[in-house]
Amino acid sequence: MQRYSILWADDEIDLLKPYILFLEGKGYDVTPVPSGADALDLVEKQNFDLIFLDEMMAGMTGLDTLAQIKVIKPSIPVVMITKSEEEHIMEDAIGSKIADYLIKPINPKQILLSAKKILDNKRLVSEKTNLNYMQDFRNITMQYNDHINFEEWADIYKKLVYWELELDKSVDNSMDEVFNMQKSEANNKFCRFIEENYASWMSDPNAERPLLSHNLLKKKVFPLLEDNSPLFFILIDNFRLDQWKLMQELISDLFVIEEDDTYYSILPTATSYARNAIFSGLTPYDMAKQHPDLWVNDEGDNEEGLNKNEDEFLRRQLKKMNKNTKFSYHKILNNNQGKSLVDNFNNLLKDDLIVVVYNFVDMLSHARTDMNMIKELAPDEAAYRSITRSWIEHSPMLDLLKSIASKNGRLVITTDHGMVKVKNPKRIVGDRNVNTNLRYKQGKNLNLDDKNDHVLEVRRPEQFKLPSPNVSTAYFFTTSDYFFAYPNNYNHYVSHYKDTFQHGGISLEEIIVPVAYLKAK
């Protein structure tokens with residue numbers, strides 16, 4: 001066990017000998033000094049893990065000494081010890097970023113607890129986290145090895161996200177490999193669950209099904225319009241459940257979460273299909289049939305072209321639902337557009353429904369495949385979450401949320417699909433009109449160049465409520481962490497896209513996504 005070094009400054013240090021012996025007996029090295037000046041002298045010359053500082057010392061006071069310590073070694077945690085309970089002294093100490101505050105008379109256990117809380121906190125929390133995860137490991141494994149339904153799969157994914165975020169905080173990464181193996185196994189079983197059930201969800205009117213993309217507004221948003229106050233509907237493209245949990249922490253002072261739920265994104269889990277399904281209230285098959293003027297065929301490099309008509313899809317869905325709702329639609333592609341929306345905030349409140357789509361997270365994930373800087377910044381899942389958190393903290397979106405909260409507003413936050421880090425390539429052959437997405441392919445003459453494991457072939461698209469531009473159109477979906485690669489220039493293609501974040505296929509991360517209803521505090 002690591003031995004920590006403690007500096008203790010008190011003008012009555014001789015009287016504290018029993019305390020010092022107690023700490024040393026618990027494995028701490030304690031250096032006692034009788035004044036603030038002596039403490040500063042040692043801080044300049046030696047390294048300490050923790051400082052105990054008496055506030056009422058003769059000569060240089062504890063607060064004066066604290067100020068100098070923060071100049072010399074700002075990162076050393078300091079515990080202030082005082083006889084005074086005056087509020088202004090406590091506020092001065094806390095404002096100077098002390099680690100703890102103890103009021104005399106103190107006892108040895110108080111001192112030990114303070115030291116442990118500061119110096120051993122991360123280790124103790126990590127050990128407890130690892131122990132708790134191992135206790136839950138078996139429960140999770142047993143649950144997904146049973147024959148379970150879509151609600152139970154959502155519960156499993158929520159548990160996995162919880163433990164992933166808890167293990168992120170741990171200084172001990174010994175459980176990482178165990179967790180990653182469990183998550184991978186759960187993903188493989190979930191993908192088989194989707195393969196076995198998705199067609200019936202889409203085609204059988206009597207099937208029990210989860211909330212899917214094309215029913216999201218009907219179930220989660222339109223009923224809220226009955227209230228007379230404006231409702232914001234914020235859709236962050238390509239936003240996973242783990243990212244939403246991080247976002248919750250950042251906005252917890254602004255909103256009360258009235259409902260924190262998930263829904264299932266339709267296939268393909270791509271912006272062009274899933275987001276249009278949300279705004280139209282229709283499956284892709286029905287969109288293509290009922291709104292041929294708005295639907296754009298997904299061929300070649302035309303994926304983003306399908307998302308130019310979201311506001312009109314929404315308009316038509318509201319009309320079909322007999323909703324006399326005044327709404328506005330705003331797509332944010334960069335920071336300047338986000339800032340402009342915030343500047344125009346008061347005008348937004350004139351509408352009943354204010355729809356805001358943020359594309360930045362999607363742009364960031366795609367950029368990761370092309371920008372070396374992003375690859376360096378996000379080599380793993382934890383780093384990618386960190387980038388997302390940083391964006392939220394400094395984005396105009398957070399300013400918009402603050403504005404909504406200041407007006408006692410309401411909002412629904414959701415996404416159209418998630419994304420998964422891809423690791424394993426699957427060879428595929430197709431003609432020049434096949435779409436470019438790495439996780440699913442749509443087109444004629446599609447064939448795999450090797451065995452068809454980890455791929456769902458859909459030769460009859462209507463069963464999945466997908467449009468067929470041609471009689472021979474097929475859809476192929478990769479599952480878990482696989483991605484498609486063409487035989488031509490295969491090695492270069494694989495090295496370029498391996499370990500990047502992609503969407504369009506079948507995985508827990510892409511399909512089970514957050515939807516939440518919030519009210520200002």
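1. A residue is called buried when its relative accessible area is under 20%, exposed when this is over 50%, and partly exposed in between (1.4 Å probe, protein chains only). Both Tyr493 and Tyr497 are buried in this sense.

2. The structure is a predicted model, in which local features need pLDDT of at least 70 and side-chain atom pairs count only at pLDDT 80 or more, while totals for chains, interfaces and linings use all residues. Residues are numbered from 1 along each chain as its sequence is written, and side-chain values use heavy atoms, with hydrogens and water left out.

3. Aromatic contacts come next. Rings of Phe, Tyr and Trp (its six-membered ring) pair if their centres lie within 6.5 Å; planes under 30 degrees apart count as stacked, over 60 as edge-to-face and the rest as tilted. The count comes to 29 aromatic pairs. Helices (H or I, at least four residues) and strands (E, at least two) are DSSP runs, numbered from the N terminus. Phe150 is buried at 13% relative accessible area, and Tyr264 is buried at 3%.

4. The pair of Tyr493 and Tyr497 is tilted, because the ring centres are 4.9 Å apart and the planes stand at 55 degrees. These two residues are four apart in helix α20 (residues 490–497), which means that about one helical turn separates them.

5. One aromatic cluster is formed by Tyr144, Phe150, Trp153, Phe190, Phe193, Tyr198, Trp201, Tyr264 and Phe464. Elsewhere, the charged end of Arg427 sits over the ring of Tyr490, 3.6 Å from its centre; the criterion is NZ of Lys or CZ of Arg within 6 Å of the ring centre and within 35 degrees of the ring normal.

6. Grid points are joined across faces, edges and corners, and a volume is the space filled by probe spheres set on the points.

7. The largest pocket holds about 560 Å³ of space. It is lined by 24 residues, of which Glu164, Asn180, Lys183, Glu381 and Lys423 are the closest to its centre. Helix α8 (176–203) gives the largest share of this lining, seven residues. The lining divides into five nonpolar, eight polar and eleven charged residues. Here Ala, Val, Leu, Ile, Met, Phe, Trp, Tyr, Cys and Pro count as nonpolar, Asp, Glu, Lys and Arg as charged, and the others, Gly among them, as polar.

8. There are two cavities of 30 Å³ or more, and the largest cavity has a volume of about 70 Å³. Its lining includes Asn335, Tyr358, Trp391 and Met397. The residues of this lining are seven nonpolar, three polar and no charged.

9. In helix α13 (residues 310–320), Glu310, Phe313, Leu314, Gln317 and Leu318 are buried. They lie on the same side of α13, because they cover an arc of only 135 degrees around the axis, the arc being that of the directions from the helix axis to the C-beta atoms. Exposed Lys319 and Lys320 are carried on the face of α13 turned away from its buried side.

Terms used
1 Å grid on protein atoms, 1.4 Å probe; cavity = no way out; pocket = protein on both sides within 12 Å on 5 of 7 lines; lining within 4 Å.
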